[in-house]
Amino acid sequence: MQTLIYNKRGGSVIMTTQTDTPEIFQRPGQGLYAWVTLSQYKLMKWDGLDPIKFGQYGSDAENGKTPQETISSYSWVTEPIVILWAYRFNREQRRKHSALNVEKDVRNRLGATYFDGNSTEVRRTSVDTIKEEVNSYLFGSRKLNSFLLRVSQKLAVTKIVDYFTNGGKEFLLGAIMRFGKNFVFLSACKEIIGDKGNILVLTNKPGVFDSLKKDIETHVNFDGWEYYELKTVKDKDNLVLDPNKVSVVACSKQLADNIVSGESTREFLKGTDWDLSFFDECHSATETDNFTSLNAELNIKHRVWASGTPYKTAVRFTNDNSFFYGYIEQQRDKKLGLCPDAVTLITYITAINPKFINNPNYTSDEQWTISKMFAFENEKFVLGGELREFLLEVLGKADTKAKFSPMRICEGNLDHTVWLVPPDIKMTEALEKLLNEIAPEYKILNATGNNITEVKQVEDAIKLHSKTITLTNSRFVEGTTIPEWTGAFVFCDTDSVEKYFQFIFRIASPDEGKDKAYVFDFSLERTFKMVYEFANGHAHNVGRTDRKEVIREWLDCNPLYRAGNGPTFNEVNVEDVLDVINKSDYNHAYLVSKPMDYVKSLDALGLIASEFSSLNTGVKATITAKHITNGLEKGKNFTVSGKKDRQLTPKEKSELMEALKNIGGIVGSFPIMAELEQLETVEDLVDKADEALFYDCTKVSKDTFNLLLTNNILDTAKINLYL
């Protein structure tokens, strides 16, 4: 039985199995549908001979109707109705066809009449047969899918097409999982190149090729298109793309990088003229020397870069050549009924039992972190006994307070969870054994090393076991969706925004009866930093400066709760987040350490690198910061420095790398200067800050710094979010 989405609009309780185009049920129009009663739905054999009522909606109303409004207006049944399929005509189709006439012409092709009272619209047929016959009539294609772009997808396609047809070269599509990035890209390609041309899809996550291939092979929009996956093409030297057709070629970055088997792949890619390219999951492994070199050698007219977490990639794009649809936009659509199966995330920052924090193994200068609990040396856990007790609390098996245990906080809702653990294969294997011992009711799935390597192994295990825990550090963190996962546990100290959000969004895949999913973090400081970074990234991507309001929107869409002094959890507000950020001098540390996030053009910087490479701006700042983890009193005071205490590689010693480090030192001083001068933007600091103070803080003059602005090297809008 497929997922049923309840819809009470129109007077009756209506359910539908169709979740890919929910706008059909929200916007009045004209089209076709197929439905059965709930009791009939439960009896369906899905063998092509089920009694299904096929009809039309909206043709008798001036402004149209919704399918459920039409059914409710004439239905003779009192039980709930299940809409198996619906199709809404677009404007062009309404000019050519009447839904009533299409229904009459198609009805007799569907199968024998099933007499149900006075109705003549019920046929012994299948949903696939209905789709084939309708699509054959409307499009001349017997492919099964003909759904239209959703409103948000249409906006993305229009922006991509307009930008490229007006001479644009590169576009960033930043969209959350399940937005339909492949379908949007292919739809844009169809408008740009028509019925012939070459399209390249290149990614570090080849798991996305399945949905790409499905879209091409099953949707009427791409009838006649040819799909090639280079991994399966044995003789690439003789592969010739038909110039009179649209050819879509999919290639993994791993294949192109392979020294032996990748040579023929690279030669084919470099020897082909590409009309458009799609670099999916572009936040991952597209900054390597190999990829940069290959990309420079490819002859591509238009490049689309796509990512669900484009925090770093977005720096070189503007509002003109980018489109963003993130978690906030998805949750807004959910509230409007346009994305009814979207899953809402709820985050808990669980308490840590003081007996673990006060372990005598920690010195007074050290802070407790979650990864230290899993420390592994000489083939054993350093804190084996404490780890066992900690896991028993997490699993709700210890006689302690519920606020220490995710399983007790969300009791009954965490049968299948995924745990992000520290990056140590041997440790994870030992953790698997320990969990098998203390929690035999769970099937433990170790997705590290050479253990579980395919997502199907996880899917099969979930079918066989009522409770599972999947352990991973990188595998299945991106491009993988397991509908049954309802909990994400962050048991490592990652501070990568991309990895953090890619991981927690793994549990946002819809499933029957799944409206919410739960994230559990054990570090208050890290959780707040991730929310802060998300808000800054979102504000920058969509051209907003109201950072506090974006944080508030995120917390509205992803409620966050922290353990209080008593047994209850307290909901976090925007002031809580900013208080922790300000106490830790996070803005200063971020700007010092991550100039690549706000330097827009390395090429432009290279032209003036000599002006900055010999400076000494990476001096120790006078600001101290205190790590605050899980509300702990203890913490290690430290002094932020722009320099790294390690031997630099030859590449880092280059003039460009030295310039980057020094720029980090300059910009890293801006938060304290902005506070002293009561200014809020880089532009204000340059125009209004005291000249002597500016030099004292940055170790450069305003004139020298202005070289970065006049050459359009810095993304000041991004920097301003941290002031």
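The model is predicted, so local features are reported only at pLDDT of at least 70 and side-chain atom pairs only at pLDDT 80 or more, while totals for chains, interfaces and linings use all residues. Residues are numbered from 1 along each chain as its sequence is written, and side-chain values use heavy atoms, with hydrogens and water left out. Helices (H or I, at least four residues) and strands (E, at least two) are DSSP runs, numbered from the N terminus. Residues are called buried under 20% relative accessible area, exposed over 50%, and partly exposed in between, with a 1.4 Å probe and protein chains only. The areas themselves come from the Shrake-Rupley method with a 1.4 Å probe, and for residues only the protein chains shown count as cover.

**Salt bridges**

- A salt bridge is taken as a side-chain nitrogen of Lys or Arg within 4 Å of a carboxyl oxygen of Asp or Glu, and by this rule the count comes to 27 salt bridges.
- Glu133 and Arg109 meet through their side chains in a salt bridge at 3.8 Å, N to O. Because Glu133 belongs to helix H5 (residues 127-139) and Arg109 to the loop between helix H4 (99-107) and strand E6 (122-125), the pair ties together parts that are 24 residues apart in sequence.
- Within this pair, Glu133 is buried, with a relative accessible area of 10%, whereas Arg109 is partly exposed at 38% relative accessibility.
- Arg109 and Glu133 also belong to a network of salt bridges that links them with Glu132 and Arg142.
- In helix H10 (residues 262-270), Glu267 and Lys270 lie three residues apart, about one turn of the helix, and their side chains meet in a salt bridge at 3.6 Å, N to O.
- Glu267 is partly exposed at 47% relative accessibility, and Lys270 is partly exposed as well, with a relative accessible area of 28%.
- Asp515 forms a salt bridge with Lys516, and the closest N and O atoms of the two are 3.2 Å apart. Asp515 is partly exposed, with a relative accessible area of 35%, and Lys516 is partly exposed at 39% relative accessibility.

**Positive surface patch**

- Arg27, Arg91, Arg94 and Arg95 gather in a patch of positive charge on the surface.
- Patches are made of residues with over 30% relative accessible area and no salt bridge, with like charges joined within 9 Å and nonpolar side chains (Val, Leu, Ile, Met, Phe, Trp, Tyr) within 5 Å.
- For charge, Lys and Arg count as positive and Asp and Glu as negative, while His and the chain ends are not counted; the place of a charge is taken as NZ of Lys, CZ of Arg, CG of Asp or CD of Glu.
- Arg27 is placed in the loop between strand E2 (14-16) and strand E3 (31-37), and at 37% relative accessibility Arg27 counts as partly exposed.

**Helix H7**

- Helix H7 (residues 181-193) has 13 residues that should span 18 Å at 1.5 Å a residue, and the end C-alpha atoms are 18 Å apart, which agrees. The expected span is 1.5 Å times one less than the number of residues.
- H7 is mostly covered, with 10 of its 13 residues buried; among them are Phe183, Val184, Phe185, Leu186 and Ile193, as well as Lys181.
- Just after H7, Gly194 takes a positive phi of about 75°.

- Trp46, a residue other than glycine, has a positive phi near 55°. Trp46 sits in the loop between helix H1 (38-43) and strand E4 (50-57) and is partly exposed, with a relative accessible area of 42%.
- Lys699 is not a glycine either, yet has a positive phi of about 70°. Lys699 is placed in the loop between helix H29 (691-698) and helix H30 (702-710) and is partly exposed, with a relative accessible area of 34%.

- Tyr561, in strand E22 (residues 560-563), is partly exposed, with a relative accessible area of 22%. The C-alpha atoms of Tyr561 and Phe520 are separated by 9.8 Å, with the two residues 41 residues apart along the chain.
- Lys104, in helix H4, is partly exposed, with a relative accessible area of 46%. Lys104 and Gln56 are 48 residues apart along the chain, and their C-alpha atoms are separated by 9.2 Å.
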